[in-house]
Protein chains: 2
Amino acid sequence: MPETQRRPESRYGNRPTMKDVAARAGVGLKTVSRVVNGEPGVTPETERRVQESIDALGFRRNDSARVLRKGRTATIGLVLEDLADPFYGPLSRAVEEVARAHGALLINGSSAEDPEREQELALALCARRVDGLVVIPAGDDHRYLEPEVRAGVATVFVDRPAGRIDADCVLSDNFGGARAGVAHLVAQGHRRIGFIGDMPRIHTAAERLRGYRAAMEDAGIPVADAWMSLGATDPARVRRAAEEMLSGAAPVTAVFSGNNRVTVTVIRVLAEQVRRTALVAFDDLELADLLQPGVTVVAQDAAALGRTAAERLFRQLDGTLLAPERIELPTRLITRGSGELPPAD
Amino acid sequence: MPETQRRPESRYGNRPTMKDVAARAGVGLKTVSRVVNGEPGVTPETERRVQESIDALGFRRNDSARVLRKGRTATIGLVLEDLADPFYGPLSRAVEEVARAHGALLINGSSAEDPEREQELALALCARRVDGLVVIPAGDDHRYLEPEVRAGVATVFVDRPAGRIDADCVLSDNFGGARAGVAHLVAQGHRRIGFIGDMPRIHTAAERLRGYRAAMEDAGIPVADAWMSLGATDPARVRRAAEEMLSGAAPVTAVFSGNNRVTVTVIRVLAEQVRRTALVAFDDLELADLLQPGVTVVAQDAAALGRTAAERLFRQLDGTLLAPERIELPTRLITRGSGELPPAD
DNA sequence: CCCGCATCTGACAACGTTGTCCAGGCTCTA
DNA sequence: TAGAGCCTGGACAACGTTGTCAGATGCGGG
């Protein structure tokens with residue numbers, strides 16, 4: 001029994017290590033390390049021999065071991081809501097680009113709007129010792145991250161603020177954007193304006209609702225309960241909500257739609273109606289300008305959100321960062337027709 | 001000078017280790033390991049003490065060290081083209097879901113259609129010892145992965161086949177889909193049918209072009225060079241290409257568009273034309289049914305591609321897999337109006 | 001009362017890498 | 001030619017975890 005310790009099962013399929021490379025090249029272990037890391041102090045001739053050995057064996061440095069030794073993983077984590085949502089694609093890509101510029105890789109996971117899953121994911125990433133974490137919160141209590149933050153994990157929240165923890169946040173001006181969007185409808189002469197949004201427990205949804213209410217109040221219009229749908233996100237329920245506020249004795253003449261997923265359904269419903277109803281939607285859509293009429297939107301810049309957050313993350317990692325801050329990015333009203341339809345009553 | 005070796009800079013901000021937990025709980029290191037991993041053989045009382053210690057110190061197991069010891073990372077890598085592309089969002093999400101079901105995390109990176117960057121990314125993932133790799137190829141030579149595959153990295157290619165290496169591939173039936181789409185246009189009476197696609201060096205683009213040619217040949221229609229645009233992907237060039245084939249003495253009466261990015265531009269151009277030109281597009285679009293006319297598409301199932309690839313990857317990891325295979329998923333023609341317009345000449 | 005056995009616990013090595021430090025050989029100068 | 005100083009290379013420990021194995025403890029039976 002020559003081995004006292006059984007090798008763990010299928011350990012990397014027995015990859016060559018620096019030791020193997022060193023043995024083959026007839027040099028010391030550390031010399032190989034030097035070559036691999038481009039450190040100075042190796043003769044060209046030695047370097048050549050080592051390099052040849054590396055190529056011959058198909059050696060690739062084991063970053064797990066490296067990380068263990070160095071303490072930095074050059075990896076950041078991104079916890080988002082749903083990678084398949086067209087809003088998060090560009091955001092994620094922007095984070096990735098910044099990470100790449102800093103030589104880091106990106107691990108990401110979707111929380112599917114489930115706070116528990118968000119926590120599970122974030123902590124799994126911490127266990128892997130990501131250097132930093134960009135989180136799009138699903139839950140509203142992030143105290144579970146406190147030990148991690150104290151331990152030095154850089155953390156930035158995006159799109160929605162952190163709950164019960166003092167941390168950097170990068171947000172869109174949801175309130176201002178919604179307010180401006182609704183005000184735009186008011187300016188076209190609308191008074192009965194519907195709002196279809198997500199559950200108010202989601203911060204962005206709550207803020208947009210607040211913007212809606214503010215704009216209505218600015219205009220001195222009392223809001224009827226029947227004009228608001230909160231929390232219906234699946235197509236069927238959105239459809240029902242939209243149809244309801246479009247029917248009855250005093251139907252809404254305009255709708256403000258609270259996010260991109262709601263919008264696609266609302267557009268469908270409006271297209272089926274005889275009466276032309278105005279629409280302003282939060283979040284831009286790919287083909288919004290080609291519809292009849294074009295969809296007027298309050299656009300947020302998903303890529304900018306991601307970029308800003310990631311840049312801030314790396315500034316935390318540089319150590320050049322001071323107190324947590326809340327950064328709010330402006331939204332932009334893009335008029336394309338649907339928001340400029342006059343009231344049709 | 002009590003320490004012979006300086007601590008690496010800011011090593012995890014001095015996180016507690018199992019040793020610290022053990023010391024505080026007054027137990028041995030291994031006992032903590034047992035508790036953390038839920039291994040049997042620990043008295044409830046001891047376990048309680050250890051758990052208390054863990055909570056008090058905010059300990060979290062360092063997975064890097066764990067990986068180093070165990071040899072499996074429970075992480076898979078996904079190299080795709082552009083996370084911001086709406087086609088890859090669902091694909092990526094599907095891979096993530098499968099990974100999650102197997103208790104693995106997902107690292108992903110975008111190659112931006114650059115073979116060098118693809119290689120760099122894939123190898124970086126291998127250095128991190130991901131258990132497996134799902135690759136959407138940008139390049140056409142993947143021999144660089146051979147040592148990795150031999151070393152036991154499970155590998156599956158998606159959307160496009162691997163180059164010069166024998167590996168699992170999961171593809172859409174690009175040829176068949178394009179052929180059916182073009183045949184559909186022929187069936188409406190079109191004879192002058194344009195094709196606007198990506199660079200033929202991209203496999204999917206080449207296959208779709210082949211499908212176009214095949215359908216035309218089936219119909220006995222010789223293809224004019226002026227009807228084809230290959231490799232223009234940025235909006236400006238697509239626009240020019242489209243406008244060109246729509247003008248002149250014998251303009252095309254129908255266009256087959258080779259991918260989603262091309263399609264959005266083509267739709268814009270067609271909308272500006274007086275004459276109605278038919279369109280069938282490869283890849284579905286979010287609001288395709290709401291345009292006037294609705295866009296007839298050859299839809300592929302991005303999520304199914306991702307799911308199938310990831311499942312195959314994990315079957316490789318289970319060791320239940322045999323020879324590399326090429327799996328082709330069917331596409332679906334969805335008629336919505338634009339593809340049913342008759343020739344307008 | 002002591003032995004044997006089962007159960008629980010801990011010491012130790014090893015995973016693959018990098019930081020430190022020292023040895024040996026070389027060059028250059030006095 | 002000897003000494004100082006530089007350059008290259010290697011031995012060794014340490015990073016935090018887990019597998020192995022042996023020691024300790026307690027209990028029941030002979």
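Predicted model: local features only at pLDDT ≥ 70, side-chain atom pairs only at ≥ 80, totals over all residues.
**Entry 1. Contacts to DNA strand D**

An N or O atom in the side chain of A:Arg34 is 2.8 Å from a base nitrogen of DNA strand D. I then turned to the phosphates of this strand. For A:Thr46, I found a polar side-chain atom 2.2 Å from a phosphate oxygen of DNA strand D. Chain B takes part as well: an N or O atom in the side chain of B:Asn37 is 3.1 Å from a phosphate oxygen of DNA strand D.

I looked up which elements give two or more residues to the surface near DNA strand D, and they are H2 and H4 of chain A together with H2 and H4 of chain B. H4(B) has the largest share of that surface, with five residues.

I next listed the surroundings of the strand. There are 30 residues around DNA strand D, and A:Gly28, A:Thr31, A:Thr46, B:Met18 and B:Arg69 come nearest. Of the atoms of DNA strand D that come within 4 Å of the protein, sugar and phosphate account for 64%. By class, I noted eight nonpolar, 11 polar and 11 charged residues in the surface near DNA strand D.

Sugar or phosphate holds 63% of the atoms of DNA strand C within 4 Å of the protein, and the rest belong to bases.

The side chain of B:Thr46 has an N or O atom 2.4 Å from a phosphate oxygen of DNA strand C. B:Thr31 places a polar side-chain atom 2.6 Å from a phosphate oxygen of DNA strand C. From chain A, a polar side-chain atom of A:Arg61 lies 3.5 Å from a phosphate oxygen of DNA strand C.

For the elements, I found that at least two residues of the surface near DNA strand C come from each of helix H2 (29-36) and H4 of chain A, and helix H2 (29-37) and helix H4 (63-70) of chain B. The largest share is that of H4(A), with five residues. I counted the classes here as eight nonpolar, 12 polar and 11 charged residues.

**Entry 2. Relation of the two chains**

I superposed chain A on chain B: the rotation is 180°, the shift along its axis is 0.1 Å, and the RMSD is 0.2 Å. I recorded this as the relation of a two-fold axis. I then asked which residue of chain A comes closest to the rotation axis. It is A:Ile107, with its C-alpha at 2.0 Å.

**Entry 3. Interface of chain A and chain B**

I found 67 residues of chain A in contact with 67 residues of chain B. Of the interface residues of chain A, 100% are also interface residues in chain B, so the copies meet through the same surface.

The area buried between chain A and chain B is about 6,000 Å², and carbon and sulfur atoms give 50% of this area. I looked for the leading contributors: A:Arg60, A:Arg128 and A:Arg129 supply 12% of the area that chain A buries against chain B, more than any other three residues.

I then went through the polar side of the interface. There are 16 salt bridges across the interface of chain A and chain B. One I inspected joins the side chains of B:Arg117 and A:Glu96, at 4.0 Å from N to O. I also noted 28 residue pairs in polar contact between chain A and chain B.

The elements that give two or more residues to the side of chain A that touches chain B include helix H5 (88-101), strand S2 (105-110), helix H6 (115-127) and helix H11 (260-272) of chain A. H6(A) gives the most, with eight residues.

**Entry 4. Backbone checks**

I checked the peptide bonds and found a cis bond between A:Gln292 and A:Pro293, with omega about -10°. A:Pro293 lies in the loop between strand S9 (278-282) and strand S10 (296-299) of chain A. In chain B, the peptide bond from B:Gln292 to B:Pro293 is cis, with omega near -5°.

I located B:Arg129 in the loop between helix H6 (115-127) and strand S3 (132-135) of chain B.

Terms used. Residues numbered from 1 in each chain as written. Chains lettered and ligands numbered in written order. Heavy atoms only, no water. Least-squares fit on C-alpha atoms with pLDDT ≥ 70 in both. Contact = heavy atoms within 4.5 Å. Buried area = accessible area lost by both parts, 1.4 Å probe. Polar contact = N/O pair within 3.5 Å; in protein donor to acceptor, adjacent residues only side chain to side chain. Helix = DSSP H or I, 4+ residues; strand = E, 2+ residues; numbered from the N terminus. Near = heavy atom within 4 Å. Nonpolar A, V, L, I, M, F, W, Y, C, P; charged D, E, K, R; others polar.
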